[in-house]
Each structure stands twice: as structure tokens, then as C-alpha cells.
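I opened the notebook to go through this structure element by element. The entries below are in the order in which I looked things up.

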Amino acid sequence: MFFDFGIKDAIDILLVGMMLYYVYRLMRESRSLNVFVGITIFIVVWLFVSQVLEMKLLGTILDKLVSVGVIALIVIFQEDIRKFLYNLGGHRSMRRLVKFFTSKSSKDKDKGQVKRDIMPIVMACMQMSKGKVGALIVLERSTQLGSIVTTGEVVNANINQRLIENIFFKNSPLHDGAMVISQHRILAAGCILPVSHDLDIPKELGLRHRAALGMSQESDALVVIVSEETGGISIASGGRFRLRLSAEELEAVLTEGMAGTV
């Protein structure tokens, strides 16, 4: 029976190995590698006691600990688990699968409208960059940002360069928060974004950059940042930064992103 090894056994081992690898990556990224090692050791001991030695009493106690431990781990690492599942769903292969089952009419986007939406944003960012006016602009994609919109003030206006500049003007009451753009409209301003607590963010990047990164980690939104200290323009997307963008680069990244090709 030990040598009765078939294709299903190979697939089983492969899937378990992949699962352990992704859990290992999740724990490593969240600085919880020691927890992963401890959990692995506990599972090995539990399987050895219950399956190999067949100790009923100790096996029952460990079974109960496993049941409670799973719930405790979900509570403790809920943010990391949510991020892991989001990254899994946002993987390129998953997006291709979704697009395969999506009708052609929903895939085809009005590139002219995308261009009309982006140009006022690019021009406003360039003007604010020259004057070193800080700005934080969130462009909604497939992830709905209703919970973020409720933290600010509803604007619901056409995308306009002057309006964007006026909202982020230093004396404006809404200049400290983030602007949310959705469905070809400036939906809200003065919104509060989740702040990333990653330790590897460069020290020269301030709170706006941390908020932009946090937003990009929790959604597929594109977040444009104009630095108040340097005037530099950056974009946060997918938990990563693109720093020191020119007008052409900003336009290209936004066009590509809002067309749904990244």
C-alpha cells in the first residue's frame, strides 16, 4: 500500500506544497515567520500523535486546540488573510479568466472618454507640482470605494482641472484629504484612506504616500500623489509605487490603468 502511488497522490502533494508555500509567503510578508514555523511544528506533532501513534486522549485534546486555534488565527491575522485573498483574486491569470467570461461589449471601453477624464487630472497635477501643492487623487476601478467616499464630502461634479486645483489649494477645507474619482465624475473630496504600515517604505515619503500605498493594497484603485515637499508626482498601484513621473509618464500610466490593461 505504501508504494501504491498514483497521479492523484502527486496532485495532492503538489497542491499541499503550493498551499504551504503561499502561506509561508503570507507570513513572511507580515513579519510572522516564527508563527508559521510554530504552526507547522504543531500540525506535524498533531498528525503524528493522532494518525501514527493513535493516542486517543492526547489526539482529542489536540483536535480541540486545532479547532479553536483556526478561529484565533483568523481573528489575529484577518488583515493579512484579506490581503492574501485579494492578491489571489487580483492575480493576472484570475483577471484573464474573468475577462474570458465577460461579454465583449463590457470589455470594450470608450478610450476617448478615458482620455477626456485623464487629461484634466494630468494638467492639474502638473500645475500643483509646480506650486508644490500636495494632492491625493484616487481613481476607482473595479473595487467599489463606497466606504471611502462616506468618510469625505460628496462633490459629484465633472472632472475639471480648475476644480481639482481649487480643492487641493492650501486654504481649502478639503485639501488634506483624498479625492475619489469614479464613473467619470469627481465623486468626493476630503476622504480618509487606510494608511499602510509597511516598514520598507522610504523614509522620505510622507503620510500621503503611506495612505496612497494603503489604498492600493486594499483595492485595485490607482492613487496619484503630488508631494507637498518636493512637488514630485507618484502613483501607487497594486501595493507598489511609481515615483517621480513626468507628465507623459503620468498620462501613459493612467490611460493604461483606466483602460483595464494593467
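Which residue in S4 does Val-180 stand opposite? I looked it up and found Ala-188. The model is a predicted one, which I keep in mind for every entry.

**Entry 1: overall counts.** I counted 11 helices and 7 strands in the protein. Of its 262 residues, 32% are buried. Among contacts with a separation of 6 or more, 59% join residues 24 or more positions apart. The protein exposes about 16,700 Å², and carbon and sulfur atoms supply 62% of that area.

**Entry 2: the sheet.** I traced an open sheet of 7 strands with mixed pairing, in the order S2-S4-S3-S1-S5-S6-S7. S2 (153-158) and S7 (240-242) stand at the edges with a single partner strand each, so one side of each has no neighbour in the sheet. From one strand to the next the twist averages 25°.

**Entry 3: strand S3.** I went back to S3, which spans residues 178-182, and found 5 of its 5 residues buried. S1 runs parallel to S3 and is joined to it by 3 bridges, with Ile-137 opposite Met-179. S4 (residues 185-191) runs antiparallel to S3 and is joined to it by 4 bridges. The hairpin of S3 and S4 has 2 residues between the strands, and Gln-183 takes a positive phi near 55° there.

**Entry 4: Gly-152.** I located Gly-152 in the loop between helix H8 (146-149) and S2. Is Gly-152 buried or exposed? Its relative accessibility is 18%, and the cut-off for buried is under 20%, so Gly-152 counts as buried. Leaving aside residues up to four places away in sequence, Gly-152 touches Ala-189, Gly-190 and Cys-191. Cys-191 is 39 residues apart from Gly-152 along the chain, yet I read 3.9 Å between their C-alpha atoms.

**Entry 5: S6 and Ser-234.** I placed Ser-234 in strand S6, residues 233-237. Ser-234 has a relative accessible area of 4% and is buried. Beyond residues up to four places away in sequence, its contacts include His-209, Val-223, Ile-225 and Leu-243. S6 and S7 run antiparallel and are joined by 3 bridges; in this pair, Ile-235 stands opposite Arg-242 in S7.

**Entry 6: helices on the sheet.** I found helix H10 (residues 207-218) lying across S1 (135-139), S5 (222-226), S6 and S7, at about 175° to S5. H11 also packs on the sheet, touching S1, S5, S6 and S7, and its direction makes about 160° with that of S5.

**Entry 7: helix H11.** I checked the span of H11 (residues 247-258): its 12 residues reach 16 Å from first C-alpha to last, close to the 16 Å expected. Which residues in H11 are buried? I listed Leu-250, Glu-251, Val-253, Leu-254, Gly-257 and Met-258. Seen down the axis of H11, the buried residues fall within an arc of 170°, so they line one face of the helix. An α-helix has 3.6 residues a turn, so residues three or four places apart point the same way.

Conventions:
Residues are numbered from 1 along each chain as its sequence is written. This is a predicted model: local features need pLDDT of at least 70, side-chain atom pairs count only at pLDDT 80 or more; totals for chains, interfaces and linings use all residues. Side-chain values use heavy atoms; hydrogens and water are left out. Buried means under 20% relative accessible area, exposed over 50%, partly exposed in between (1.4 Å probe, protein chains only). Contact means heavy atoms within 4.5 Å. Accessible areas come from the Shrake-Rupley method with a 1.4 Å probe; for residues, only the protein chains shown count as cover. The expected span of a helix is 1.5 Å times one less than its number of residues. The arc is that of the directions from the helix axis to the C-beta atoms. Two strands pair if DSSP finds at least two bridges between them. Axes are lines fitted to C-alpha atoms, for helices over the stretch in contact, and angles run from 0 to 180 degrees between N-to-C directions.
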